[in-house]
Amino acid sequence: MMAAGRAAERGRRVLLLEKNDRLGVKLLLTGGGRCNICNAEDDVHRLLAHYGLAKKFLYSSFSQFGVTETFSFFESQNLPLKIEALKRAFPKSEKASDVVRALEKYLAKGKVEIRKSVSVHGFVFRSNKIVGVKVRGRVVSAESYILATGGKSHPETGSTGEGFEWLSALHHEVKKPTPSVVPLSVRDTWIKSLAGVTFDNAKITFFVDGKKQLSVKGRILCTHFGLSGPTILNSASKVARMLKEGVVTAIIDVFPEYDLGHLDSYVTKIFDENKNRELKNVMKLIAPKGTSVVILDLLPKIDREKKVHSILKTERKTVVQLLKALPVSISGLMGYERAVVVDGGLELSEVDGKTMRSRQYSNLYITGDLLNINRPSGGFSLQLCWTTGWVAGNNA
């Protein structure tokens, strides 16, 4: 949509072929339906550091259309943005549907012709030029072609990887895609029973065969299959490597701001203030919201009906130690259907970073998730779409 709108804004005649029966199906899912439009890091060097080895490749395109231009664009479409924690930017309305509508207005203003429910079946090419795309038993031709199919995350939205297949058929070098920013599946029923509960400021430490490998801090979401949330998603690629090395376990510290001694003092204070109440009720004052019953289930040797004044010192310390180390067994990564980002794609050496033009085909432009660019969650994927889409539309 960004590429088509920009090309039309330049006075070009544009045809947008859409696989689904409506535009922006995947966009509607982003940010939990709120749409994390971008990350509001205005220093381009700091921003590009989040894109790893692609930093140098992306510098030219981000200089043309970066975070400042993204804010200006959406606000010019009457969609004001707001900035939240970790510089994540969202529409003030908190509705991804409003982002889709803004882009649809952009397309309408440029008189982009849109054909929905149209499946493309590959390119027709001669020498170093694309001469058409195969659609419903015929060929649709144009002067230039912009490929913006997305990768393989959330295949239910239509992103099933055809773009990679077409690029491979054009003899482009494509690295096999794998889920990289993706939730983790676990064996533990206690986590699954907390589906929907969030540990807002927790620390998770991962181990391989009992040896510490990685500690990260932030928001962790419990789900019916395991763990998600920004902290987990952005650790997934490292956990994937650990899973190849041995048995992966983890502990979640729900009070990372306290060491064991300070947390024991805090719990003792709460106990002293509620000494005549039962443990099961006092735990609600200590444990993260919605977790007290489940945490007590992990302490089968302590009577939850016992009055707090009767809790032994050793029992209190067991509670404290558990709050600092909730046990988790990692069984794997979830698949494409739950991936936020899938790595792999067209090798960057095959694309001109200033224009998004293929180095093999003079009238083919490649955008977004089709490029082999790793990045974390937090608005970086959509910024990649806005930037590469605009640059391709500006040059096609």
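Modeller: Here is a quick walk through the nonpolar cores and the salt bridges.

Modeller: Ground rules: this is a predicted model, where local features need pLDDT of at least 70, side-chain atom pairs count only at pLDDT 80 or more, and totals for chains, interfaces and linings use all residues. Residues are numbered from 1 along each chain as its sequence is written, and side-chain values use heavy atoms, with hydrogens and water left out.

Biologist: How many residues are in the largest nonpolar core?

Modeller: The largest nonpolar core has 59 residues. By nonpolar core I mean buried Ala, Val, Leu, Ile, Met, Phe, Trp, Tyr and Cys residues joined through side-chain atoms within 4.5 Å. Buried is under 20% relative accessible area, exposed is over 50%, and partly exposed is in between (1.4 Å probe, protein chains only).

Biologist: Which residues have the most contacts inside it?

Modeller: Tyr51, Leu364 and Trp386. Helix 14 (residues 380-395) gives the largest share of this core, seven residues. Helices here are DSSP runs of H or I, at least four residues, numbered from the N terminus.

Biologist: What is Trp386 in contact with?

Modeller: Leaving aside neighbours within four places in sequence, Trp386 is in contact with Met2, Leu27, Ile37, Phe65, Thr70, Phe74, Val99 and Leu103. Contact means heavy atoms within 4.5 Å.

Modeller: There is also a second, separate core of 50 residues. Leu214, Val254, Val267 and Leu279 are among them.

Biologist: Switching to charges. How many salt bridges does a search of the whole structure find?

Modeller: It finds 18. The rule is a side-chain nitrogen of Lys or Arg within 4 Å of a carboxyl oxygen of Asp or Glu.

Biologist: Where in the chain are Glu305 and Lys280?

Modeller: Their side chains meet in a salt bridge, 3.3 Å from N to O. The pair links distant parts of the chain, 25 residues apart. Glu305 is in the loop between helix 12 (292-297) and helix 13 (313-324), and Lys280 is in helix 11 (residues 279-286). Glu305 is partly exposed at 40%, and Lys280 is partly exposed at 31%.

Biologist: And Glu315, buried or exposed?

Modeller: Glu315 counts as buried, at 11% relative accessibility. Its salt-bridge partner is Lys306, with the closest N and O atoms 3.1 Å apart. Lys306 is partly exposed at 21%.

Biologist: Which residues are linked in a network of salt bridges?

Modeller: Arg34, Lys82, Glu84 and Glu94.

Methods: Helix = DSSP H or I, 4+ residues; strand = E, 2+ residues; numbered from the N terminus.
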